[in-house]
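Thanks, everyone. Let me put the structure up, and then we'll walk through it.

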Amino acid sequence: MKVGLAFLPAWIPYNPPLGITCISAVIEREGHEVSLFDYNAYIYDQIKDKHGELWLMDESPKWAEIEVFKKEIYPLIKTYLFKLVKDILSQKLDAIGFSIYNSNSHPTMIVIQNLRRIFPELKIFISGARVDEPLATELFKLKLVDAAIMGEGEQTTTEILEYWSSDEERDEILGAVYFNKSGEVIWGKKRPLLNIKDLPIPDFSKFDLDRYTSNGFPVEFSRGCVAKCTFCSETNYWVSFRTKSARQIVDEFKYHYDNYGVNQFRIVDSLMNGNHRLLEDMCDIILEEKHTFYWHGFCRISNKLTPALLKKMRDAGCTYINYGIESGSQNVLNLMKKRYKLSEILETVKHTKNSNIEVHAQILIGFPGETWFNFYETLRMLKILRGYFTRIYPGIPLSVTRQTYLYDNLDEYNVKLGSGEKWRTKNFSNTYTIRLIRHWILKKYLKYINITQGYPLEVE
Ligand code: SF4
């Protein structure tokens, strides 16, 4: 089949998108012809001079809140969304897939609605972190999509395309919701997890690499997370923690270097240190084979990141680590189920910096149960460690999102949902306004103690 895979804004366009490239690698191996549409980077490139800041993470609520999106963003990108519709139609594709996450769901829906209206025969499927049961139910009721991939996309997409290519009926396709040949909606059971060691190396050669704001490629060591922080959907989405082998990871770096001259890598995993043994083995191979690679990514605070391991990481090319510290209050860390002590944060951050690896960290304001005193404790921690941080990401105040323990256990946290971001605790001790005030204070405080903040649009 002729298949398109599309990725829409807004996501900081550092590198080509990994998700659709991974799916593309697998379905191409099955003989399909694939076109990739990175309209996230394309639209950014078109309007960056005047509106590039809209791709900053702090601006994601503008893309996610429908009324704000319609008023402030849609007029700026409308032309490009219709260009995408035309591009897709001009390629005479049999099927088109969209990767959906929180901040691109509105632009993606606009493109899907128009494709459906103009070319009803085109098979449309969706995948990505935002695709869940409520969304699939709604889209099938409106007959806007032909299939929704729940969870990891590689094998399920392959089977959906195989099903559409054949006249044979099937009882179900694991991991997919789809219209069968009689027009009934079939909900496939969950698909067993993929062994990511079997996946091919993603091929970024189809992207216009000049459009990206950094020179590296994204690489995946693992899927999933070893922790179960209550506000985070990573563990629910990926289900269990799986890794490639150390040899495979180094070979993937080598492949990109040998084929494209790229030796900078953004590790996109939930965490690079889910398996410290693997991390160390990978560093050993890089050092033994004397490669010059530069890489960075997220880590979980852990006393297993010893000074010796951190030094080895630095020698093997780790330039910075982004820690999901979230809070300087042990009470809040416990409520989040971060499963580490404040003392571990202090030690890990100091050891990292002393190993010559830059320390970046994320702070998450407004977890239910965070008091004003707990908030002060976070500011105090930032002050104590200020000489160790290169950059802090204050992000946006906490959203209560689906597929998290918090969302599934609102009563346990005394939370009442409101529209969009406007949840509150039942006793009003934590409201949208209180979170905005704390977030504002945090940003001012970071400025005051002279710590660079926020994700820049360009790195490396
Ligand atoms: S916040 Fe980080 S450590 Fe916690 S579950 Fe999510 S990815 Fe894992």
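This is a predicted model: local features need pLDDT of at least 70, side-chain atom pairs count only at pLDDT 80 or more; totals for chains, interfaces and linings use all residues.

Start with the open sheet. How many strands does the open sheet have, and in what order? There are seven, and the order is S2-S1-S3-S4-S5-S6-S7. The pairing is mixed. Look at the two edges. They are strand S2, residues 33-38, and strand S7, residues 185-187. Each of these pairs on one side only. From one strand to the next, the twist averages 15°.

Now zoom in on one pair in that order. Strand S5 covers residues 147-149, and strand S6 covers residues 176-179. They pair in the antiparallel sense, over three bridges.

Next, a helix. H5 runs over residues 105-118. H5 has 14 residues, and at 1.5 Å a residue they should span 20 Å. The end C-alpha atoms are 20 Å apart, so the two agree.

Is H5 mostly covered or mostly open? Mostly covered: eleven of its 14 residues are buried. Buried here means under 20% relative accessible area. The buried residues include a run from Ser105 through His106, Pro107, Thr108, Met109, Ile110 and Val111 to Ile112. Asn114, Leu115 and Arg116 are buried too. What covers the buried residues of H5? The cover includes helices H3 (60-64), H4 (66-90) and H6 (133-141). It also includes strands S3 (95-99) and S4 (123-127).

UniProt has an unreviewed entry here, which lists residues 211-435 as "domain: Radical SAM core". Over residues 211-435, the chain is 37% helix and 18% strand. The end C-alpha atoms of that stretch are 36 Å apart.

Strand S11, residues 264-267, runs parallel to strand S12, residues 294-299. Four bridges join them. Arg266 stands opposite His296 in S12. What sits between the two strands in the unit they make? Helix H10, residues 276-288. Together, S11, H10 and S12 make a right-handed β-α-β unit.

Then the next step. S12 pairs with strand S13, residues 318-326, in the parallel sense over five bridges. Gly297 stands opposite Ile321 in S13. S12, helix H11 (residues 307-315) and S13 make a right-handed β-α-β unit.

Last stop: the loops. Go back to the loop between strand S1 (2-7) and helix H1 (18-29), where Ala10 is found. A cis peptide bond joins Pro9 and Ala10, with omega about 20°.

Two more residues deserve a look. Arg339 is in the loop between helix H12 (330-336) and helix H13 (342-354). Its phi is near 60°, a positive value in a residue other than glycine. Asn414 lies in the loop between helix H15 (405-408) and strand S16 (415-416). Asn414 is not a glycine, yet it has a positive phi of about 65°.

How accessible are they? Arg339 is exposed, with a relative accessible area of 59%. Asn414 is partly exposed, at 29%.

That's the tour. Questions, please.

How values were computed: Residues are numbered from 1 along each chain as its sequence is written. Side-chain values use heavy atoms; hydrogens and water are left out. Two strands pair if DSSP finds at least two bridges between them. Axes are lines fitted to C-alpha atoms, for helices over the stretch in contact, and angles run from 0 to 180 degrees between N-to-C directions. A crossover is right-handed if, with the strands pointing away from the viewer, the path from the first strand over the helix to the second runs clockwise. UniProt positions are given in the numbering used here, feature names are shortened, and annotations may be inferred rather than shown by experiment. The expected span of a helix is 1.5 Å times one less than its number of residues. Buried means under 20% relative accessible area, exposed over 50%, partly exposed in between (1.4 Å probe, protein chains only). Contact means heavy atoms within 4.5 Å.
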